[in-house]
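Okay, thanks everyone, I'll keep this short. Have a look at the structure on the screen while I talk.

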Amino acid sequence: MDNSQNLQTLLVNLEQDVGYEKIRKYGRTYGFHNIYFRKQIWIKLLGIDQQLQYNESQKCLQHDQLLKDVNRSLNTISQIKNFKEIDQLRKCLMEVLDTIFSQHPNYSYYQGYHDVVSILILVLGVEQGYIAATYAAQNFFKDYLDQELATTITPQYLFIRNLLLRYSRDNSNQKLRQIMLIIEHPTCVIPWILTWFSHSLENINDICRIWDFLLCSKQSTILYVCAAFIAIHHDNIDVRNEDDLIGEFQEFFQNLNNKDRIQNLKLEMVLQLARTLETQYKFELICEQEHIQFSQKSIVYQHNFKSQLSYYYSLEQLENSIKNKVSRFMYGNQDIIINLGGIALSFLIQYCIIKK
Amino acid sequence: MSRQANSQDYDWLVKVIVIGDSGVGKTNILSQFCDAKFSITHMATLGVDFKIKTIDVDGKKLKLQIWDTAGQERFRNITKTYYKGAQGVILTYSVIDRQSFQNVDGWLRSIQENTNSNDVQLVLVGNKADMSAERQVTMEEGQKLSQQYNIPFFETSAKSNMNINESFHNLAQRIISTLCKMQANDDAPKLNLKQTEGKEKTKADGCC
């Protein structure tokens, strides 16, 4: 079966609200390929279970700020180069944002949320994009819209730094370790976290692939993707001059579209490493050991995250299954296993010789 | 942060931050100064961006590490961490946005609260001066405000590259002058000690 047939089969199950586990596994491993599939699957993964009336509203209180940001948005997406198209999309984006923030005055707009809504409109269309953006605001991006930004962002980049310090130590990656010991505040990840990379990448297919992955994952997965991105690409950073390292690090990662610096995003490698990091370095454990604290209301804690809870429980069950536990044990103790295997083999050879 | 280099490609290494309301043209000012580029497609800055530029001032090579900060109020507590250790500030408003001019007072308070303001040099910049039809703030108002706070003032246009280099050079000259004064106030052994301390502190502080 090719990818389309596979996805079609999975979609049939999804129509009946079953088969989430399979579709999420597929989304993490392969992604959903094109807009046709994404349109149907993202709606489900965002947890949309009702139709919201889309009526264009009056200007919201944050209209002026929205206008400034919308008027300089969308033109970095490589697939949209027609000015007329950009103009029309901006008009739609402005209307959707005005509607969301006038209907939810408790949300405080942050620069970057307009990038999130842009992607949803581009993939799902205006009306579905509006519903999806409202659901995304209530679930995935809730922290940033209803909490103080520094309070919610700072622990996230501290987590990423600690994760990379552990990973570089365990893998004897001296260069990465040296970088992360100096970079105490990896603030280049802020737009990655706030917009799920939609502010930082120009190819919508790359953005959507990351979104496929994140919509099929846990709330904290974005932090593992950020860490994996740094781990995969850090090799090109010039660490010779320590005075310049903080600036060099920021400059390198603040513009991911600079082909002189990053020729190939190596996205599948990044996502593969994110999966590995997620398995090896548990979110709660690092937070506890490094005293990284999020707000009690934060959606990084699963009990505060409402979307698709049933799936999350099944994901946890899957992670704790015996098969996975065995493979994790073998991965973590591969040196011992190889040694034991060697000893057993030498005994076997000796036994054969004696028997002969 | 300021450091006198030995056998490197610069004489002084200094930190400058660019602050001001959202949409006043901070990123374009920096692009014009560092890369001689102006773009109508610049997206909003989320958090901070960084650029580097080495300039000659009075025969000295000054390496500027410039941090471009997000203007939206919601990012204020994140960007404030970058004030620490800054020796120069480009405080920007837009001449076509009266509110951004009225908010200059607030930005100045923020500098006072988060820096050692005696050692920090400022330049007040009224950007987008090429857009005369949409002007909401006169040059006289800008001058009056700058005199009130005793800060050098430039009306600039990142689009037409008007007064961009002048603003940065004015700032750079005053930073060097402050650094030289600080150097002269210290005797030689003290100076050496201070510079070593500075280097170690930068490492420990990490970000800024």
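This is a predicted model: local features need pLDDT of at least 70, side-chain atom pairs count only at pLDDT 80 or more; totals for chains, interfaces and linings use all residues.

On the chain B side we have 37 residues in contact, and they meet 38 residues of chain A. Between them the two chains bury about 3100 Å², with 51% of that on carbon and sulfur atoms.

Now the polar side of the interface. I get 16 residue pairs in polar contact between chain B and chain A, counting pairs with both residues at pLDDT 80 or more. As for where the touching side of chain B comes from, β3 (48-57), β4 (60-69), α2 (76-79) and α7 (188-205) of chain B each put in at least two residues. The largest share is from β3(B), with five residues. And if you sort the residues on that side of chain B by class, you get 16 nonpolar, twelve polar and nine charged.

There are also two salt bridges between chain B and chain A. In one case K68(A) pairs with D97(B), and the closest N and O atoms there are 3.6 Å apart. As a reminder, side chains of opposite charge can pair when their charged atoms come close.

Next, helix packing inside chain A. Take α3 (residues 35-45) and α6 (residues 113-124) of chain A: their axes are 9 Å apart, at an angle of about 120°. That angle makes α3(A) oblique to α6(A). From α3(A) the residues involved are I35(A), R38(A), K39(A), W42(A) and I43(A), and across from them in α6(A) you find I119(A), L120(A), L122(A), V123(A) and L124(A). In this contact eight residues are nonpolar, none polar and two charged.

The second pair is α13 (residues 221-233) with α14 (residues 242-254), again in chain A, with an angle of about 110° and axes 12 Å apart. So α13(A) and α14(A) are roughly perpendicular to each other. Here F229(A), I230(A) and H233(A) of α13(A) meet F249(A), F252(A) and F253(A) of α14(A). By class, that's five nonpolar, one polar and no charged residues.

One I'd point you to is E290(A) with R166(A), where the closest N and O atoms are 2.9 Å apart. E290(A) sits in the loop between α16 (283-289) and α17 (309-319) of chain A, while R166(A) is in helix α9 (residues 149-170) of chain A, so the pair ties together parts 124 residues apart in sequence.

That's it from me.

How values were computed
Residues are numbered from 1 along each chain as its sequence is written. Chains are lettered from A and ligands numbered from 1 in the order in which they are written. Side-chain values use heavy atoms; hydrogens and water are left out. Contact means heavy atoms within 4.5 Å. Buried area is the accessible area (1.4 Å probe) that two parts lose on being put together, summed over both. A salt bridge is a side-chain nitrogen of Lys or Arg within 4 Å of a carboxyl oxygen of Asp or Glu. A polar contact is a pair of N or O atoms within 3.5 Å; within protein, one must be able to donate a hydrogen and the other to accept it, and residues adjacent in sequence count only if both atoms are side-chain atoms. Helices (H or I, at least four residues) and strands (E, at least two) are DSSP runs, numbered from the N terminus. Ala, Val, Leu, Ile, Met, Phe, Trp, Tyr, Cys and Pro count as nonpolar, Asp, Glu, Lys and Arg as charged, and the others, Gly among them, as polar. Axes are lines fitted to C-alpha atoms, for helices over the stretch in contact, and angles run from 0 to 180 degrees between N-to-C directions. Angles under 35 degrees count as roughly parallel, over 145 as roughly antiparallel, 65 to 115 as roughly perpendicular and the rest as oblique.
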